[in-house]
Amino acid sequence: MGGGRPTIPLRDTFGRVADDLRISVTDRCNFRCVYCMPAAGMAWLPRDEILSFEEIVKLTRILVEECGVRTIRFTGGEPLVRKGLEDLIALVRDIDPGLDLAMTTNGILLGEKAQALRDAGLRRLNVSLDTLHSDRFRTMARRDGLARVLDGLRAARAAGFDPIKLNMVVMRGHNEDEVVDFARLARTEGYEVRFIEFMPLDADGIWKPETVVASREIIEAIDREYPLQPVLSERPAPATRFRFRDGSQGGIGVIASVSDAFCKVCNRIRLTAEGHIRTCLFSLQEHDVKALLRGGAPDAEIRDFVVAAVWQKEEGHKIGAADFVRPEKSMSQIGG
Ligand code: SAM
Ligand code: SF4
């Protein structure tokens with residue numbers, strides 16, 4: 001790695017080091033989830049504003065070889081609507097076959113894509129699923145698709161993804177009554193279910209503190225039905241994980257992004273589909289690295305630009321504080 005040169009870690013002024021890069025490969029999506037996108041009227045980025053595979057690979061190579069990035073997660077928008085995503089994954093794997101390559105997807109195209117993704121080197125998969133009722137699915141995703149997502153999950157399992165994580169955004173008044181059902185699904189299918197607190201990054205502005213179901217409440221509800229045992233993790237992580245006390249397969253985790261934010265241990269940075277570095281989901285500014293990539297800047301200049309951007313990483317989000325300012329972009333434009 002790095003031709004033997006020492007790496008320059010992506011350090012910020014609060015002592016954190018970013019080694020987890022989330023790459024948004026598109027701002028487009030085939031769903032319109034209520035907590036993310038508007039029902040209609042989303043303005044897509046023009047195609048030539050989106051980073052090409054070559055540009056993504058070039059930047060990723062610099063950050064892996066020169067800055068010690070180890071985990072790459074492909075996201076979006078819906079990453080699987082980007083044509084040939086498996087080719088991009090294979091190119092990134094070839095930078096360093098030891099990289100931890102992951103993807104977050106809504107799962108609707110997994111039936112067709114799971115095997116190709118696995119063959120390209122993808123190792124970890126998070127599939128977003130918020131309900132097990134098709135009518136509710138239609139309300140939350142504003143599209144039909146529960147049966148196809150469940151087929152996609154089976155295809156992912158058949159392709160060798162194990163464990164598979166499910167991401168459930170829990171919203172009061174929508175699906176909080178299903179958390180125990182999801183815990184049961186974790187047990188029967190062996191999934192790791194991640195319950196995510198609803199964050200104020202929805203396009204419609206429906207977020208209110210009352211719509212957040214705190215992780216503690218979720219854990220208590222599940223623990224009453226299926227007693228839980230905390231899993232101690234080697235290093236601080238966004239998800240607090242639990243296994244089932246009775247030894248069942250599967251597990252659960254909660255991501256308390258609102259009620260108990262993990263900002264203090266955040267090791268993530270994001271590359272948006274349009275080629276901007278974003279140091280926090282809640283950043284109010286981005287750093288345009290595409291201009292350097294397209295302007296033919298040398299690798300060292302690109303590296304130093306990202307190092308300087310991460311140095312300015314925010315201490316944390318301020319949800320609930322008087323001076324909290326919502327970012328203009330919503331989740332699908334940021335790359336969740
Ligand atoms: N389209 C893919 C998907 O849905 O999995 C990837 C992109 S999506 C923006 C990434 C993750 O962010 C998903 O798990 C989604 O549920 C989550 N998400 C979107 N909006 C959110 C919000 N307002 N609060 C919490 N999580 C959110
Ligand atoms: Fe699309 Fe994912 Fe946003 Fe849902 S959460 S609208 S699937 S980007």
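In this predicted model, the axes of helix 3 (residues 110-120) and helix 5 (residues 146-158) come within 8 Å and cross at roughly 20 degrees. Axes are lines fitted to C-alpha atoms, for helices over the stretch in contact, and angles run from 0 to 180 degrees between N-to-C directions. Helices are DSSP runs of H or I with at least four residues, strands are runs of E with at least two, and both are numbered from the N terminus. The crossing angle makes helix 3 roughly parallel to helix 5, a term that applies to angles under 35 degrees. The crossing of these two helices is right-handed, that is, the near helix is turned clockwise from the far one by less than a right angle. Leu110, Gly111, Glu112, Ala114 and Gln115 of helix 3 meet Arg148, Gly152, Ala155, Ala156 and Ala158 of helix 5, contact being heavy atoms within 4.5 Å. The contact of helix 3 with helix 5 comprises 5 nonpolar, 3 polar and 2 charged residues. Here Ala, Val, Leu, Ile, Met, Phe, Trp, Tyr, Cys and Pro count as nonpolar, Asp, Glu, Lys and Arg as charged, and the others, Gly among them, as polar.

Helix 3 also packs with helix 2 (residues 85-95), at an angle of about 15 degrees and with the axes 8 Å apart. Helix 2 is therefore roughly parallel to helix 3, and passes helix 3 in a right-handed crossing. On the helix 2 side the contact involves Leu85, Glu86, Ile89, Ala90 and Arg93, which meet Lys113, Ala116, Leu117, Asp119 and Ala120 of helix 3. This contact has 6 nonpolar, no polar and 4 charged residues.

An open sheet of mixed pairing is formed by 12 strands in the order 9-10-11-8-7-6-5-4-3-12-13-14, where two strands pair if DSSP finds at least two bridges between them. Strand 9 (228-230) and strand 14 (287-288) are the edge strands, each pairing on one side only. Within the sheet, strand 5 (residues 100-105) pairs with strand 6 (residues 124-128) in the parallel sense over 4 bridges. Thr104 has Asn126 in strand 6 as its bridge partner.

Residues are numbered from 1 along each chain as its sequence is written, and chains are lettered from A and ligands numbered from 1 in the order in which they are written. Local features need pLDDT of at least 70, side-chain atom pairs count only at pLDDT 80 or more, and totals for chains, interfaces and linings use all residues, while side-chain values use heavy atoms, with hydrogens and water left out.

Note on methods. Angles under 35 degrees count as roughly parallel, over 145 as roughly antiparallel, 65 to 115 as roughly perpendicular and the rest as oblique.
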